[in-house]
Amino acid sequence: MAQRTEDPVVEDFGVDLLAVETAPWDRLGVPAAFVNLKGQGDFISVTVAEIPPGRATEPQRPPVRGSRVRASRPRLDHHRGPGGRQHAFEWGPKSLFALPLNARYRHFNTSGAEPARFASTTNLPMVLKLFHNREFVFGNDWDFGERLGDDRHFAGDGDFIPTRPGRHMWETNFRARPGRLRASALAARGAGGSNIMFVLAERHDARAHVRDAGRHV
């Protein structure tokens, strides 16, 4: 396991995630850094991590919501959910996915020559402020079975959830190239603007839940 050093923090109005300097981080087991965008508040955090060739992160299971964007060549991810259900899939540049809440997971770099870098956005600061107990947050073994989702959602498939023009949603856990998903026109964004919202690793009743939320947006 990597030895702990002073956790690097990068803060600015805009950050090049491919160029962020990382340092050894014992909890992840690979070099990583915090990225704070000025003006975003302290409800979410961004972590940039770089997995050396042939290495993997330490197993993780924090009960936080978040999504991950991959910024390098295809690598492998594996997670285990309630009842022993397991999923493993490859990600590539610009891939986007979210893991089920509190599912145990690891990120692997199967390349023997190149590092693999990813950025993870979660609500960890809010969770830590809510409970004020690191042992509870990082050692909680509760299974959120209703959040595991459909198996096909880990294969890049998903479900279209219509709400209203410009606010339609795509429910999934993994999208290899989200930019290729067809978006609907949204005039409020200006001429030629379009939008689609993602529902990532949500509850089984996410369809009804987000429809209700969409009516109030």
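1. Rings of Phe, Tyr and Trp count as a pair if their centres lie within 6.5 Å; for Trp, the six-membered ring is used. Planes over 60 degrees apart make the pair edge-to-face. By this rule the structure, which is a predicted model, holds 6 aromatic pairs.

2. One of these pairs joins W25 and F34. The ring centres of W25 and F34 are 5.0 Å apart and their planes stand at 65°, so this pair is edge-to-face. The two residues can also be described by their accessibility. W25 has a relative accessibility of 3% and therefore counts as buried, because buried means under 20% relative accessible area. F34 has a relative accessible area of 22%, so F34 is partly exposed.

3. A second example is the pair of F97 and F174. Here the ring centres lie 6.2 Å apart and the planes are at 65°, so F97 and F174 are also edge-to-face. Are F97 and F174 buried or exposed? F97 counts as buried, at 0% relative accessibility, and F174 counts as buried too, at 6%.

4. The pair of F97 and F174 should be read together with its neighbours in the cluster. Ring pairs link F89, F97, F154 and F174 into a cluster.

5. Now the surface. Which residues form a nonpolar patch there? The patch is made of F43, I44 and M126, which together have about 280 Å² of accessible area. I44 sits in the loop between β2 (32-37) and β3 (45-51). With a relative accessible area of 35%, I44 is partly exposed. That value is enough for the patch, because patch residues need over 30% relative accessible area.

6. Some totals give the background for these details. The protein has 3 helices and 15 strands. Of its 217 residues, 41% count as buried. The protein exposes about 11,800 Å², and carbon and sulfur atoms supply 53% of that area.

7. The last point concerns contacts along the chain. Among contacts in the protein with a separation of 6 or more, 63% come from residues 24 or more positions apart.

Note on methods. Residues numbered from 1 in each chain as written. Predicted model: local features only at pLDDT ≥ 70, side-chain atom pairs only at ≥ 80, totals over all residues. Heavy atoms only, no water. Patch = residues over 30% accessible without salt bridge, like charges linked within 9 Å, V, L, I, M, F, W, Y side chains within 5 Å. Areas by Shrake-Rupley, 256 points an atom, 1.4 Å probe, with all protein chains shown as cover. Salt bridge = Lys/Arg side-chain N within 4 Å of Asp/Glu carboxyl O. Helix = DSSP H or I, 4+ residues; strand = E, 2+ residues; numbered from the N terminus. Buried < 20%, exposed > 50% of the residue type's maximum accessible area, 1.4 Å probe, protein only. Phe/Tyr/Trp six-rings, centres within 6.5 Å; stacked < 30°, edge-to-face > 60°. Contact = heavy atoms within 4.5 Å.
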